[in-house]
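Work through the exercises below with the structure open. Try each task before you read its solution.

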Amino acid sequence: MCEPVDVSVGAMIEDLRTLVEVESPSRDRDALTESAKAVAGVIEARLGGKATLVDSEAGPHVHWSGGGDPRVLILGHHDTVFPLGTLARRPFRVTDGHATGPGVFDMLGGLVQAVHGLAALDDRSGVEILVTADEEVGSGSSRALIEERARACGAVLVCEGAADGGGVKTGRKGCGTFEVSVTGRAAHAGLEPEAGVNALVEAAHQVLAIEALGASAIGTTVTPTVASAGTVDNVVPAEATVVVDVRVESPQETERIEAAFAALTPRLEGAEITVRGGVDRPPMPESAAAWLFAAAQRLIPGLEGRAVGGGSDGNLTAALGVPTLDGLGAVGGGAHADHEYVVVEAMTERANLVAGLVRAIRDGEVAP
């Protein structure tokens, strides 16, 4: 069983309110700067020391170290998917045992739990915290820093929200986004449509070909999600764009899918196709979580582990061969939705789980 550390639910709720009430939509540098300051303030108040703001084109990342030889990285993000103004419509509340508000589950609740778990440890040496500003939009500006600190520490605990039912996440699909742009030729839709090259019709052909790339039996999903075409209703569309979400379980499928997108060819004479993007988060195999998950089960017997379709920065660290356990954050649900929530009564156990894993890793009680 997990030897409990002394954490206060009231104090965790206080800090969660502080973070939620500083809105932090991805790509909004001004908002993310204020959010980073708030995250740094919570870390410094609870853990001491100095939390460094690492500037980037996406916004500031927050890095804190407990000193000594690095042994374990606590990884999270402070950007959210909710636009400015969401808080006014959906303010932070605690009602019927649930904390609600934009970003509580994905993933501010997990950050707060991790900080309070660490705060209850007498020795915080060997521990680092990295809270990035761009996880929700692909981690382009933070990837190098994530990989650097993961390699240095040698073990990663990701405080993304728990799996359904409170399990941790032992595997994730690789994921990425492709943008397929079609160029045709405009013409009057009534007088001489035959003089044009209809980019919308070409895009329709491509959507069917792209959708057929999926292979559900081996976990590959290829889903066209956003499309746009045309200008006005009496002009043959000269341009069209299709955005495609891709999820894969193996590097081999990554190669197959990327090669298939590169090989897309027009069906209509005169049409041209340009493809951008790729699978930017490699699959996180369950083997990457094996020994950390075993340690977590010793702390909480019966704890479940699940492989899930969504990606996180844990994909990046696992791809390096660094042992990574994900889903250590809040128990709750509704990520990216208006009903997002955190189960308050589970916060103490999750803070204890992070603290117990940190103590076991740092003290050499578990090893691959």
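The model is predicted.

**Exercise 1.** Locate S26 and decide: is S26 buried or exposed?

*Solution.* Step 1: S26 is found in the loop that lies between α1 and α2. Step 2: the relative accessibility of S26 is 19%. Step 3: buried means under 20%, so S26 counts as buried. Step 4: list the contacts, leaving aside neighbours within four places in sequence; S26 is then in contact with L32, D79, T80, E136 and V137.

**Exercise 2.** Describe the largest nonpolar core: which residues touch the most other members?

*Solution.* Step 1: this core has 64 residues, and I74, L157 and L325 touch the most other members. Step 2: among the elements that give two or more residues to the core are α1 (9-20), α2 (29-47), β3 (72-77) and α10 (347-362). Step 3: α4 provides the largest share, 9 residues. Step 4: not counting residues up to four places away in sequence, I74 touches several residues, including A114, L118, L157 and V358. Step 5: another core, of 18 residues, lies apart from this one; V180, A199, A240 and L264 are among its members.

**Exercise 3.** Work out the open sheet: what is the order of its 4 strands?

*Solution.* Step 1: the order is β10-β11-β9-β12, with antiparallel pairing. Step 2: β10 (221-229) and β12 (272-281) are the edge strands, as each pairs on one side only. Step 3: 8 bridges join β9 (residues 174-183) to β12, and T177 stands opposite G278 in β12. Step 4: helix α6 (residues 199-211) lies across β9, β10, β11 and β12, at about 10° to β11. Step 5: helix α7 (residues 251-262) also packs on the sheet, and its direction makes about 170° with that of β11.

Technical notes:
Residues numbered from 1 in each chain as written. Predicted model: local features only at pLDDT ≥ 70, side-chain atom pairs only at ≥ 80, totals over all residues. Heavy atoms only, no water. Core = buried A, V, L, I, M, F, W, Y, C linked by side-chain atoms within 4.5 Å. Buried < 20%, exposed > 50% of the residue type's maximum accessible area, 1.4 Å probe, protein only. Contact = heavy atoms within 4.5 Å. Pairing = 2+ DSSP bridges. Axes fitted to C-alpha atoms, helices over the stretch in contact; angles between N-to-C directions.
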